[in-house]
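Morning, everyone. Please take a look at the structure on the screen, and then I'll walk you through it.

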Amino acid sequence: TEDAVKTLASFSLGVNLTEDGRGESVNVDGTAISKLIAGENWTDVEFSTDDGWCFDRDCDPLDATGWPEMIHSCGKGLCVHWLASRFHSRTYYSTDIGSATWLIMKPATMQCTLPPTVAPTSVPTTAPTLAPTVQPTFAPTVEPTVQPTFAPTVAPTMQPTFAPTVAPTVAPMISCDDTCYGRADDFYTIAGIPNVYCRDGQALIQHSTGQCATYGFLSSVGESSCGYLTEDAVKTLASFSLGVNLTEDGRGESVNVDGTAISKLIAGENWTDVEFSTDDGWCFDRDCDPLDATGWP
């Protein structure tokens with residue numbers, strides 16, 4: 001979805017377009033990323049290629065309206081048509097050839113490590129282990145490294161910027177103890193909240209089996225639970241989160257990743273006016289005031 005792409009783009013350095021057997025075309029000066037974030041097209045973005053990709057046009061690229069309609073080489077059938085209607089193709093005619101759009105992501109500003117292993121591992125680990133490893137581990141760095149910026153800045157920034165900044169911009173530092181990101185599926189203490197269930201980088205704050213005899217506040221929620229975490233626990237976890245994912249067994253999911261669902265949780269408000277995106281037919285319409293939606297849960 002566009003929201004998901006914008007979120008990923010905000011953590012990326014460039015864009016790589018590929019077509020099976022016909023090479024690639026890349027933009028790494030930040031313009032393709034800034035256009036994605038702004039909801040604009042790539043009409044005036046310069047992509048570099050060693051594989052003969054063509055971006056010429058003879059008329060207004062009216063079909064390039066923003067993600068996923070990004071490049072319309074109008075009037076030039078042998079040039080790029082990176083449009084959903086043409087299956088994102090290197091030419092107008094190559095819709096039967098596989099293609100892909102890749103985001104070149106930024107390196108992490110900190111190293112998140114898994115807990116020490118009890119037994120030796122066959123490959124190097126990035127943190128000490130409780131027993132010897134078959135191969136050596138990488139040494140930690142003394143100080144964080146700062147990534148280069150696309151344009152000069154008045155003062156150093158912790159993250160690349162697309163234009164000069166007046167003062168330093170410091171990315172919020174999230175401790176590895178404050179996030180489910182990078183963890184195996186299991187229960188952990190997250191942001192000081194004990195027994196939080198993590199799966200696929202997500203923290204579970206509510207669960208229903210569909211066969212619940214009781215349903216209410218719980219100190220811990222797992223995939224066999226009937227209930228939800230307290231409002232204070234949810235607010236704490238939300239402050240270290242990017243979005244919200246609602247799921248129902250066998251009926252798909254609905255997601256908000258623009259930050260509004262998270263900000264509403266932190267503020268103790270409901271999700272009445274929050275836009276959730278779905279490919280599974282979820283409906284959020286209403287015909288009257290949502291008086292029962294008073295905030296978590």
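Among contacts between residues at least 6 apart in sequence, what share joins residues at least 24 apart? The answer is 40% in this protein. Contact here means heavy atoms within 4.5 Å.

A word on the source. This is a predicted model, where local features need pLDDT of at least 70 and side-chain atom pairs count only at pLDDT 80 or more, while totals for chains, interfaces and linings use all residues. Residues are numbered from 1 along each chain as its sequence is written, and side-chain values use heavy atoms, with hydrogens and water left out.

Now the overall picture. The protein has 4 helices and 13 strands. Both are DSSP runs, numbered from the N terminus: helices are H or I with at least four residues, strands are E with at least two. There are 297 residues, and 30% of them count as buried. Buried means under 20% relative accessible area, exposed means over 50%, and partly exposed is in between, with a 1.4 Å probe and protein chains only. The accessible surface comes to about 18,000 Å². Carbon and sulfur atoms hold 54% of that surface. These areas come from the Shrake-Rupley method with a 1.4 Å probe, and for residues only the protein chains shown count as cover.

Next, a sheet. Strands of a sheet pair through backbone hydrogen bonds, either parallel or antiparallel. Here 3 strands form an open sheet in the order β2-β1-β5, with antiparallel pairing. Two strands pair if DSSP finds at least two bridges between them. β2 (24-27) and β5 are the edge strands, each pairing on one side only. Neighbouring strands are turned by 15° against each other on average, direction ignored. Axes are lines fitted to C-alpha atoms, for helices over the stretch in contact, and angles run from 0 to 180 degrees between N-to-C directions.

For one of them, Leu17 has Thr101 as its bridge partner in β5. Helix α1, residues 2-9, packs on the sheet and touches β1 and β5. The direction of α1 makes about 40° with that of β5. Helix α2, residues 31-38, lies across β1, β2 and β5, and runs at about 95° to β1.

Between α1 and β1 there is a loop, and Phe11 is in it. Phe11 counts as partly exposed because its relative accessibility is 43%.

Over to Ile97. Where does Ile97 lie? In the loop between β4 (81-82) and β5 (99-105). Its relative accessibility is 21%, so Ile97 counts as partly exposed. Leaving out residues up to four places away in sequence, Ile97 touches Glu19, Asp20 and Arg22. Ile97 and Phe87 are 10 residues apart in sequence and 8.8 Å apart in space, C-alpha to C-alpha.

Is His81, in contrast, buried or exposed? Buried, because its relative accessibility is 4%. His81 is in strand β4. With residues up to four places away in sequence set aside, its contacts include Ile71, His72, Arg86 and Tyr92.

Last stop: a hairpin. Strands β12 (residues 244-247) and β13 (residues 253-256) run antiparallel, joined by 4 bridges. Val244 has Asn256 as its bridge partner in β13. The hairpin has 5 residues between the strands, and Gly250 takes a positive phi near 75°.
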